[in-house]
Amino acid sequence: MTSSKRFDKDDRSKSGAARALKGLRFMTQNVGSEGWSEIEARFHELAVNGSLPKSKFGQCIGMKESSEFASELFDALARRRGIKTPSIIKAELYEFWQQITNQGFDARLQTFFDMVDKDADGRIAEEEVKEIIALSASANKLSKIQERAEEYAALIMEELDPASLGFH
């Protein structure tokens with residue numbers, strides 16, 4: 001698959017992947033506008049026996065209208081930390097919140113990678129990247145991004161995995 005002329009390799013710098021991921025800021029666009037105190041208060045309202053069920057995670061972090069994306073995000077953050085239970089305690093939620101709201105490029109890239117690498121084998125494929133981009137765009141009501149998910153996925157993979165070995 002080749003990129004459109006807009007992302008022609010001749011026009012891109014070595015930081016093409018960085019530009020593409022920066023363009024994917026929408027990944028957590030509707031998260032992070034609230035402070036930890038609001039999230040903590042919601043945790044106490046929604047927790048069952050001191051744990052927040054995965055099904056309430058989106059509501060707790062302010063993504064109640066994006067439950068599918070919130071579920072994927074929960075799974076990725078839990079996988080990274082070796083959490084195998086369908087609920088988290090407040091300290092784990094705080095760790096999740098720290099990663100979600102970190103606006104640094106490395107943190108965003110790590111979150112994106114974790115969401116894409118569902119089998120935790122350390123490799124991602126272009127189709128997986130496209131799926132997360134489309135889901136993220138849908139969750140944030142960004143139809144233009146959703147329409148271009150395939151193009152963004154191709155750009156990211158061309159930069160991160162030029163030999164098509166599965167980026168890791």
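**Packing inside the model**

Modeller: Let's begin with Phe 74: at 1% relative accessibility, Phe 74 counts as buried, where buried means under 20% relative accessible area, exposed over 50% and partly exposed in between, with a 1.4 Å probe and protein chains only. This is a predicted model, in which local features need pLDDT of at least 70 and side-chain atom pairs count only at pLDDT 80 or more, while totals for chains, interfaces and linings use all residues. Residues are numbered from 1 along each chain as its sequence is written, and side-chain values use heavy atoms, leaving out hydrogens and water.

Biologist: Good. How many aromatic pairs does a search of the whole structure find?

Modeller: Four. Rings of Phe, Tyr and Trp (its six-membered ring) pair if their centres lie within 6.5 Å; planes under 30 degrees apart count as stacked, over 60 as edge-to-face and the rest as tilted. One of the pairs is Trp 36 with Tyr 94, edge-to-face at 4.9 Å centre to centre and 75° between the planes.

Biologist: Which helices do Trp 36 and Tyr 94 lie in?

Modeller: Trp 36 lies in helix α2 and Tyr 94 in helix α5, so the pair ties together parts that are 58 residues apart in sequence. Helices (H or I, at least four residues) and strands (E, at least two) are DSSP runs, numbered from the N terminus.

Biologist: And is Tyr 94 buried or partly exposed?

Modeller: Partly exposed, as the relative accessible area of Tyr 94 is 37%. For Phe 74 and Phe 96, the ring centres are 5.7 Å apart and the planes at 75°, so that pair is edge-to-face. It links helix α4, with Phe 74, to helix α5, with Phe 96, 22 residues apart. Phe 96 is buried, at 0% relative accessibility, and Phe 57, Phe 74 and Phe 96 form one aromatic cluster.

Biologist: Switching to α2, which residues are buried there?

Modeller: Trp 36, Ile 39, Arg 42, Phe 43 and Leu 46. They sit on the same side of α2, because they cover an arc of only 125° around the axis, taken from the directions from the helix axis to the C-beta atoms.

Biologist: What do those buried residues pack against?

Modeller: β1 (52–53), α3, β2 (87–88) and α5, with contact meaning heavy atoms within 4.5 Å. The face of α2 turned away from the buried side carries exposed Ser 37, His 44 and Glu 45.
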